[in-house]
Amino acid sequence: MTGSLLVIVVGTALLFDFTNGFHDSANAIATSISTRALRPGVALGMAALANVLGALISTEVASTLGKGIVETQAVTQVVVLAALVGAVIWNLTTWYFGIPSSSSHALIGGLVGAVLSAATSSDVKWRGILEKVVIPTLTSPLIGLLGGAMLATALYWTFRRLRPHSASAGFRHAQTVSAALMAFSHGSNDAQKTMGVIALALLSAGRIDHFFVPLWVKLASAVTIGLGTFSGGKRIIRTLGMKLVKLQPIDGFAAETAASAVLLGTAHLGFPISTTHVITSAIMGVGATKRLSAVRWGVTFNILLAWALTLPMAALLAAIVYKLVAYL
């Protein structure tokens, strides 16, 4: 039974990874599609490949998720399963409504909720959550916002003498690079969370004697998030690329480049931050440089509400799932 349960847990983790890919594909390519820098099929294929490559560069984020959020001795396979199911339910709910919520926070919230339901609050590393999740979550979107605004302003000033047609053509080509970098940074951050959860499941099942990410877990997580990205999350692509701010190629390049810089830096430090929060904030920062009314604040409010609800709702869903599974 233990072996069968482990197979179910790993399968569910990869299902989450897949939903993460199609839920967050918009993070990398929405701006490139909305500015017509890339055709949707080409953009999705490029983003999928870049996601796979980015997922393989390190395991710092995986280690944070596996060792820095909850006590490993409190984690059982049922706990991991409940955390994943709660996160998947929230991902699918926000995807259905086209809201770019955080898959990262859904998974972290699910893990915390499942552990609280199975053990005690002392088994949650609250300080680790504060330092590795809460503080980076509050600061990284602000950096993305300011970075997008500053880079956009610098680009507007530098290329102010170019004819609009020439500038648009040049930045459409540049967006191919910035979109690939954004997809690479997304893979370097998000796929690792699935790696960390699978490694936790393997540790709780006694298949590994200490926490580390086996090669097959890296490859499976990387390929799965790539496949999810290629499947595309068109609802969220429309929200980020077309409803939030009306973007030109220079705007998309600025937003993607600023967000990528933040994400690659936090992945290096092992902070499991939300790629959704960072790219959305960068887009808002770029839009606000034109005029505050360029940002559709009604859409922004819905996004911020989803951000605030993701951790507690995923935790609640995972706690309920744990109780149901434990009862059965």
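Tutor: A crossing of helices is left-handed if the near helix is turned anticlockwise from the far one by less than a right angle, and right-handed if clockwise. In this predicted model, local features need pLDDT of at least 70, side-chain atom pairs count only at pLDDT 80 or more, and totals for chains, interfaces and linings use all residues. Residues are numbered from 1 along each chain as its sequence is written, and side-chain values use heavy atoms, without hydrogens and water.

Student: In which crossing does helix 4 pass helix 5?

Tutor: Helices are DSSP runs (H or I, at least four residues), numbered from the N terminus. Helix 4 passes helix 5 in a right-handed crossing.

Student: At what angle do helix 4 and helix 5 pack?

Tutor: Axes are lines fitted to C-alpha atoms over the stretch in contact, and angles run from 0 to 180 degrees between N-to-C directions. Helix 4 (residues 77–96) and helix 5 (residues 103–118) pack at about 140 degrees, their axes 8 Å apart. Helix 4 is therefore oblique to helix 5; angles under 35 degrees count as roughly parallel, over 145 as roughly antiparallel, 65 to 115 as roughly perpendicular and the rest as oblique.

Student: Where is confidence lowest and highest in the protein chain?

Tutor: The predictor's confidence in each residue is its pLDDT, from 0 to 100. Confidence is lowest in helix 9 (residues 234–243), at a mean of 52, and highest in helix 5, at 90.

Student: Is Glu256 buried or exposed?

Tutor: Buried means under 20% relative accessible area, exposed over 50%, and partly exposed in between (1.4 Å probe, protein chains only). Glu256, in helix 10 (residues 249–269), counts as buried because its relative accessibility is 0%.

Key:
Helix = DSSP H or I, 4+ residues; strand = E, 2+ residues; numbered from the N terminus.
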